[in-house]
Amino acid sequence: MNEILLSILVFSPLLAVVVLAFTPSNQEQSLKWIGLFGTLLPLVLAIITFCQFDIGSSAIQLNEKINWISFTIAHTDSNVTMPIQYELGVNGLSLVLILLTSVVAVLAAIGSFTIKGQWKSYFIFFLLMEVGMLGVFASQNLFLFFIFFEMTLIPMFFLIGRWGYENKEKAAYSFLIYNGLGSAILLIVFVVLFMKTGTLNYGELANIFANGGSGLLDSVPGETFRLSILIALLLAFGVKLPIVPLHTWMLRVHVEAPPPVVMIHSGILLKIGAYGLITFGMGFFPAEFKRIAFSIAILGVVNLLYGAFIAIVQTDVKKVLAYSSVSHMGIVLIGLAALNDAGVQGAIFQVVSHGLISALLFFLVGVLYERTGTSYLKAYSGFVKTMPLASGVLVAAGLASLGLPGMSGFISELMSFLGLFQTKPIVAAVGTLGIILTAVYMLRAVMAITYGPLSAERGKLVDLNVREMVPAYVLLALIIAIGVYPDMLGMTIKSTLDSILSGFGG
Amino acid sequence: MELETIRSYDWGIMAPELIILGAATILSLADLLMPKKASRRYLAIFAFLGVACALVALFMQLDNGVISILADTYRFDSFSKAFKLLFLIGTGLILLLAFDDRKGERDEYRGEFYYLLLTALLGAMMMASSADMITLFVGLELLSLSSYIMAGLRKRDRQSNEAAFKYVVNGGISTAITLFGMSYIFGLTGETNLYAIQNALGDPTILQNQFLLVFAFLITFVGLSFKIATVPFQMWAPDVYHGAPIPVTAFLSVVSKAAGFVIMIRFLLVTFIAAPGVAEKPLLQEVQPYLAILAGASMIIGNLIALRQRNIKRMFAYSSIAQAGYILVPFAVISGLMFEAVWFYLLAYLFMNIGVFAIIQLVTAKSGSTDISSFAGLYRRSPWIAVCMTIFVLSLAGFPATAGFIGKFGIFMSALSTGAHYWLAGIMIATTVVSYFYYFNVIGQMFFRSEEEAGKVSIPGGVLTVTAVCVISTLVLGILPHTALEFFYNQFDLSQFFTPTK
Amino acid sequence: MSSLPLPVFLVLALILFCIGLFGALTKRNAVIVLISIELMLNAVNINLVAFSKYGPNPGITGQIFSLFTITVAAAEAAVGLAILFALYRNRRTVNVNEMDQLKR
Amino acid sequence: MMQYAWLIPLMPLLSFILLLLLGKKLKEASAYVGIWLTAVPLVMSFIVFFGQWGGESYKAEGTWLTIGHAVITFGIEINPLNSLMLVIVSLVSFLVHLYSKGYMNGDERVPVFFAYLGLFTFAMLGLVMSPNLLQLYMFWELVGLGSFLLIGYYYFKPEARQAAKKAFIMTRIGDVGLFIGMILLFWQVGSFEFDDIFKAVASHEMTHAMITLTAILIFVGAIGKSGQLPLHTWLPDAMEGPTPVSALIHAATMVAAGVYLVATMYPLFAASTAALTTVAVVGGVTAIFAASIGLMQKDIKRVLAYSTVSQLGYMMLALGSGGYVAGVFHLTTHAFFKALLFLAAGSVIHAVHTQDIEKMGGLYRKLKRTGPLFLIGALAISGFPLLSGFFSKDQILAATYEDGRFGLFWLAIIAAFFTAFYMFRLFFMVFTGEFRGAAKEVHESPGVMTFPMIVLGILAVLAGYVNTSWFGTFLSDYLGKGEVAPLASNHEPIWISVVATLVSLLGIFMAYLIYKKGSLSRDWLSRHLPSLSSVVYNKYYIDEVYHAVIVRGVRAFSYGWSLIDRYIVEGIVNGAVALVHWLAKLGSKCQNGQVQTYGAVAFVGLVLLLLIFAVSGGYFS
Amino acid sequence: MTGEMIAFFILALVAICGGVFMIHSENVVHMVVSLIFTFLSIAGIYILLSAEFVAVVQVLIYSGAITIIMLFGIMLTKHDPKSEKRIAKSRILAVGTGVVAFFIIMFLAINKLSFKQQDVELYVHNVKKIGIELYSKYVIPFELTSILLLVALIGAVVLAKKDESEEMNEHE
């Protein structure tokens, strides 16, 4: 079982896809429930995987490796065979992200019950996207990574374009074009690596770049080469993350896509960028990463402040949250740029934490939108009165987002800054301005919704129902759990972190 | 030369060509003898059977080594096997497509169409399996002439007429230019056998006329680029693809284009492989930047102008210009992966593009318009067709899990293998992203728009088969590409490509 | 024996090729366009025949090549003209300028 | 007992959770949950306090987070200072809970109120028990949360919403200082533990500049929390919350956390003269500054709020002048008498339903218990001899004088005068003269409200005797046990007490003359110095300046950026797309349908190729 | 100057003049007729190049067949002589420049082209030699050409013939 556990996990949503394909499209309830169960299966499997995982070891675990494609290249004197394998495996980091994915997917599936119409295709796309996301984190081969990476793109395009709001198509296209550009750069990078080294396996690549030798290379590729590859990676994942000024697509997506899709998008998809930067950028090119760390730190601070400043004046709560995502991804960059235990750990924490928090926030925005039909802050006021539970969770989520201790956001913020202050204190000090600004825009938005006088026409709003409570409470519970006892998460990623950081010379 | 020597050749090796020839002859006779009002549709089945037999014959010969007849005027080698396979499969699928082309029902020239399709195929096959300039030229012209006529066969249709005329004029000019270049190549070597030319060009004495040689190369290249519709000889393609009947468009964009690549690789590569250039470098390396620029320009022009198209056929015409630009890359950079990259991409392209045209035929026949809006709301009307179309389009756009992705991957690999052509890969990437606009526009029409027309699109058997085959192949090649690649590596030993038969 | 160098033939061919090309690309009458293409092919034939005599490897091959070229050219002319007729029947014009229904 | 000390903060937390979950069902009864679950910690705090008195220190920690090789712990620590704080916090909290039972009677969101109180109490108790800086910081933020929630308790009032937001954001500005200081300390010391930090300071592992920097940064946190200049403006606004909250959070406990922070980190501050001077100057200036504003306010709670700011400034002044014990001492006494004042004010508000002192008057007769209690509080804060404030203020002045900060000393003297003056202005306006309000029936508050006030009143009188040069310096002896706390000497010149007493009596007398007797005109100042009086009345326009400069500035900056984001960043993208489309248009224009154009393009293309090759290949040369 | 040379120059002059006249003329029939001269003189050039058979074929096919069908084509279609005047100047300019540049480049390349003379008596048994080569070595392209011609035949018939339905329409 263990030999193919990961494959089963990654492809498990397909089971529900098949079932859905043969369910008549007018059976609303059964379609929704099948969709939900389709996401529960990977969750169960992810938990099983977690149980099988030995957190003490930094090695890639639960490996699967099958020969897949091999290219034979006619070289000057001999033919060289360059194999591409189907390789899955997890380390602490990817395991955590797989868990996050499967949890958020379940909750987003619950949130999807309010989707209007065409549930069949909706859930099919939804589940296909989950396959892509799980695969991205489980693959151990760049080729496979890329395939899964793109696999998230298409369903997302459909989910935005079909079930979104007014300007959904424009949003879908900008999503597609920006991410297409990013993945295109990624593809070039991967091919270049493949042609230079003859392998696409993470471990082998890291090894080659660390020690030189094997593969097609007689020597380790030059400094300029590595640096340009790293910058290309930064650019490619920068679109995903997103790094200012490559962020405009994300705003549109956050505004136009249906809330459960944004939960997934903001909760998981953006994290692929961070995952890629950590696994490939830092994993393969530690020395070069060190060289550009200062620029990354600057980028991080720019992201942080840029998003925060603009979020202050947004009138649409979705836009506030969208810019807040930009801002929070700046913290990931800040953590990575620190290049020490604290910083990188903080970045990873931020990845997870922001995944949970933004999923929660967007879930709540979805709830509000469903009840009021608008997302403009002006249209909201005093919801505590009629929706005390929703308001309470919203305030809690907002506080988590602005980094209140006891919630996950604080831990990641603390560690990221802790890290950066060690290496680049001045940049970090500028960045702390973001902590204040985050409070400003978050409170502004959250309090505009919950506090203040309740207008007459909002008198009949209904509070969270049982189905809506599940995602809200589960996410809040996770946020608080990590915030109260962060070592729970810290232990899982510790050995992976150590192995990444060993590339920087300890 | 004695009759004995002629007899001594293994003529059986020509079986696929002979089968096609026979089928074509029988078809033309049958068409002549059949009563006027009788439907010619079922001749398609016969033609299809002919192609199938040829395919079987080809498979039976797969294990043979290099066989040469009459000083390489017919040469059976791995290269010819590999590409004849593509031509046969492509033509077979197009025949099935034509079988269901309802629009052609009113024309009484269906019989001729099948016949011409087979002769065009024959021309293409000869282009693949000859190493003699004259045979190559005649094969090329056979393909061209048949295509001209096919394009204009729907002769009461003004667009068809105009397409055919534009095709023939541009074709004539390209023929003249190609020949003009060939005449110098012949003149500088005095040979028509490609390997003899290769030999002669390797001779240092050629250095006296190095510039003329390069000019001859470029002139020939530009002339041949007509067939593959790349810059600078690409402008005819949209008009012709637009005006021609859909099966013909499919043929032109797939088989004819593949044949163009075949002759390009066969003729230019074999002859010039050892030729010296102007400076120290070999000629092929010297012209590399120029070819790469042309490839890049094709991608840019094709993808850009496709953005503005409202007519679906025309859009895919521009798309095919861009695709040709991609396929040109491995040739332009002469990479060690050239054969498999080109072959695999052409194979993938065959399935995806024929699939696209199959669905275009289906959908436009229903709506009576080739405007892109006839795809609006297709998903609601016929979800499976929409899904198939999506797969094809995604494949053309190069998304993973489809054949197009693996093809593009191979092309990237070749672009970055020998002397990393980052800028070319960059153009390819950038234009690929641009292409998302129009490819996804089709998808957007199908999925996001509300339908303008009601009613399901019914799928006739032939198109169903074609679509099914294409979808399955696109996916299989995308997910399990090693099936095709291993077949390629096992069956085709392309080291024999550059060496003359002993 | 020869008093005429190879280049004179080649230059003649080149001149004719250029004239043909110019005609094919600028003349408005479709028939003339077709016939200009024939002129270009003729120029090629001069090349081939000249090379067949004065080339590095003189022999009959060039002449044979030119025979094939002539045949192909003739076939092409016939087909071209037939297409033109079909077009003319629908459009009532042989002006190349007016054949621009398909564009953009 | 010590090993169960961790239960102390958990009780209120339990109250918080219970009330959140079951509040709907418990309704009015939730008050009892809150009261009982603070009564238990009160008892335990006393046990711990006396245990500590007996010399028993305690520390327990567990791993919380691992960063590389650094292990960050979570736990509790009991030392003299924080066991004292425990008592103060749990006592005031308990009393406020009790008082709230009466004060909040009839409010439909009582469960939420008590839940928030529970959350705050939990956080405050956790704060004082923290063994390391990080944990302190976390609870520090959580008390801010409690404060934020309680200020915004009347969520439907836009002012309350504004005030809550302002409180949170302004304290957060200070928190960032603390945050940075904490992180810098971590990298200097490799740990967040107080003990390690002090060890590092003592062993000179840190450079002097770094010590000063971190100390000042930490002090910035204290500035935010304790409403010192220039981050004081939130505290008066925080009076939008229910009055018991003001008593608990914004008088006795949370705002004093800043003082507690400086006291806790005292070894760090003591190692840097610059840091101490900063603390002293900020404290002294704040004391006089806030007191002067208090002179002219018309809102009973705002007067008290400015008084709080001013008194906190005193404490800071004490700490900055080396008066560690004096500061903590004043913190203790202030907790009692200021809580008393607030509760009494609450009782008044409860009775007359207004906060405007212009609409009160003559209430002494009507509120038989509140009146005297308020008087006690006012006397205590004014430094009336033999009441608690007298002793503690005395020591502060002494410490300042001794430290040689004469300027600050005289400022403090003037502030003392102001304090006496405005407190009695308040007293006379509210409790004497004629009733000027609209309310018909004015009743004394119920026993559940007056009982806590009585307790506090007693403490306000007696608390001063725990540390006097006459009866014994119990407090300094006790705090002195903590090996790190330096002692203030007791050799104060006697004239300081005399001057202080005289000054406060003068203040009371002046207030009497103006507001009771009317022998001096009330609007003397505003007539003779109109500009000065309006500046003071408008709190030196600081709110307005902040709003105009910072709030507007940030908003304008943000707006500008969002325009840049929308038009330039997006514009570039749109421009690129437009360019692509323009090129496409151009390209498709070339496709003009003319077959000869197509051929011409091909041919010209060919010629260009040849030409370029020829030229670059050196063909013509 | 040998007779051969004179012959060449005359022939070349006629050929070029025919071409130039074709370009210059505005009357379509004149154009075709002028090209006949060109084709004929090219046949003469072939003779100079000892390719008698090709010359004959040239006369038969070009001067004969092709020119005649082209004339038929002209006769069967309507012509508007004025149309020649509406030529886009820009294109003429572009093509003209291109042609001149092409000419110069190629001219420079072929101007000095010469190979070591080898004595081959191509004119001896010219037809026989061609026949032998054609039917032995080039039999495959030869046969292919036959198919090509067949295709052209069928295609020309199919495309050019008037449909019955169309005729009926016209009669009505």
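Author: A residue is called buried if 20 or more other C-beta atoms lie within 10 Å of its own, exposed if 12 or fewer, and partly exposed in between, with C-beta atoms placed from the backbone. This is a predicted model, in which local features need pLDDT of at least 70 and side-chain atom pairs count only at pLDDT 80 or more, while totals for chains, interfaces and linings use all residues. Residues are numbered from 1 along each chain as its sequence is written, and chains are lettered from A and ligands numbered from 1 in the order in which they are written.

Reader: What percentage of chain A is buried, then?

Author: Of the 506 residues in chain A, 66% are buried.

Reader: And which chain E residues go to chain C, by class?

Author: The contact (C-beta atoms, placed from the backbone, within 7 Å) involves 76 residues of chain E and 65 residues of chain C. H3(E) provides the largest share of the chain E side, 12 residues, where helices are DSSP runs of H or I with at least four residues, numbered from the N terminus. That side divides into 51 nonpolar, 16 polar and nine charged residues, counting Ala, Val, Leu, Ile, Met, Phe, Trp, Tyr, Cys and Pro as nonpolar, Asp, Glu, Lys and Arg as charged, and the others, Gly among them, as polar.

Reader: How many residues are in the contact between chains E and B?

Author: Chain E contributes 21 residues and chain B 29 residues. On the chain E side, H6(E) gives the most, with 13 residues, and the classes there are 17 nonpolar, three polar and one charged.

Terms used: Contact = placed C-beta atoms within 7 Å. Helix = DSSP H or I, 4+ residues; strand = E, 2+ residues; numbered from the N terminus.
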